[in-house]
Amino acid sequence: MSTVIRVIPCLDVNNGRVVKGVNFENLRDAGDPAELAHRYNNAGADEITFLDVTATTEQRDTTYDLVNSTAKEVFIPLTVGGGIRSIEHVDQLLRNGADKVSISSAAVSNPDLLNEISNTWGAQVLVLSLDAQANPAMPSGYEVMVKGGKEGTGLDAIAWVQDAEERGVGEILINSIDADGTRDGFDIAMIKAVRSAVAVPLIASGGAGEPAHFPPAIEAGAQAVLAASLFHYGPDDMISQVKDAIEAAGFTVRR
């Protein structure tokens with residue numbers, strides 16, 4: 001039986017609103033998170049990802065009330081990330097409607113947090129969010145970035161995902177900072193590099209500008225594809241168009 005490819009709209013949330021920029025900069029408003037989640041749920045999305053994009057840099061928790069109101073609008077899995085620094089934060093998010101949590105900066109500063117979450121709730125709850133940027137000084141050519149892609153870590157991206165897999169992450173969300181918001185297509189080389197290094201499912205993110213961009217990311221090794229601006233500012237049937245393109249390329253989607 002072939003893998004069913006998941007199509008995931010991403011809600012990048014700042015000050016209670018969904019925003020989107022280019023290369024993590026110049027954010028512009030895209031709407032209310034609960035309203036957008038409701039729309040995408042009805043349009044055939046397989047999951048929703050909710051990322052509080054300034055929680056980490058502002059050193060605060062994700063807004064639980066906003067997560068709760070968004071969760072009430074969907075009947076598909078909801079992944080929440082941003083500002084998660086402890087298993088207590090994870091517990092609160094799960095109690096407020098999250099099905100999975102996405103960890104980025106906190107995992108770099110405290111890798112044992114991945115073990116704690118996986119050991120407490122299981123790998124199916126834990127997504128590693130990898131914000132990576134091309135850097136020829138790194139052994140793999142990619143550096144792990146934190147704080148919304150603004151700060152380098154000196155950590156090699158491939159070494160990091162291998163460590164995270166051993167610590168119990170259930171899947172990895174690959175965010176290409178170089179491709180983010182450009183709408184020029186996914187970073188295929190980065191997806192291939194991560195796919196060759198780990199066995200857990202991969203979610204490709206960053207750069208989708210049209211339905212034709214999605215099949216190459218799946219061919220490179222992604223089991224799920226994520227986009228933001230394409231869905232926020234595109235026609236209402238864009239999720240269906242993306243699934244049509246994926247199906248036409250020979251992959252299975254859920255209808």
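Which residues are buried in helix H7 (residues 188-195)? Met 190, Ile 191, Ala 193, Val 194 and Arg 195 are. The notes below concern a predicted model.

1. Ser 176. Beyond its neighbours within four places in sequence, Ser 176 has contacts with Ala 132, Asp 187, Met 190, Ser 205 and Gly 206. Of these, Met 190 is itself listed among the buried residues of H7.

2. Helix H2. In this helix (residues 64-71), the buried positions are Tyr 64, Leu 66, Val 67, Thr 70 and Ala 71. Viewed down the axis of H2, they fall within an arc of 160 degrees, so the buried residues line one face of the helix. As background, an α-helix has 3.6 residues a turn, so residues three or four places apart point the same way.

3. Surroundings of H2. Its buried residues pack against strands E1 (4-14), E4 (48-52) and E5 (78-81). Helices H1 (33-43) and H3 (87-95) are also packed against by the buried residues of H2.

4. Gly 82. This glycine sits in the loop between E5 and H3, both of which are elements that the buried residues of H2 pack against. With a relative accessible area of 15%, under the 20% cut-off, Gly 82 is buried. Between Gly 82 and Leu 36 there are 46 places in sequence, and their C-alpha atoms are 19 Å apart in space.

5. Overall fold. The protein chain has 10 helices and 13 strands. Its radius of gyration is 16 Å, close to the 18 Å that the globule rule gives for 255 residues, so the chain is as compact as a globular protein of that length. Along the principal axes, the C-alpha atoms fill a box of roughly 40 × 40 × 40 Å.

6. Burial, contacts and surface. Of the 255 residues, 57% count as buried. Among contacts between residues at least 6 apart in sequence, 63% join residues at least 24 apart. The accessible surface is about 10300 Å², and carbon and sulfur atoms account for 47% of it.

7. Charge. The chain carries 19 positive and 35 negative side chains. The centres of these two sets lie 3 Å apart.

Notes. Residues numbered from 1 in each chain as written. Predicted model: local features only at pLDDT ≥ 70, side-chain atom pairs only at ≥ 80, totals over all residues. Heavy atoms only, no water. Buried < 20%, exposed > 50% of the residue type's maximum accessible area, 1.4 Å probe, protein only. Helix = DSSP H or I, 4+ residues; strand = E, 2+ residues; numbered from the N terminus. Rg over C-alpha atoms; globule rule 2.2 N^0.38 Å. Contact = heavy atoms within 4.5 Å. Areas by Shrake-Rupley, 256 points an atom, 1.4 Å probe, with all protein chains shown as cover. Lys, Arg positive; Asp, Glu negative; His and termini not counted. Charge placed at Lys NZ, Arg CZ, Asp CG, Glu CD. Arc of directions from axis to C-beta.
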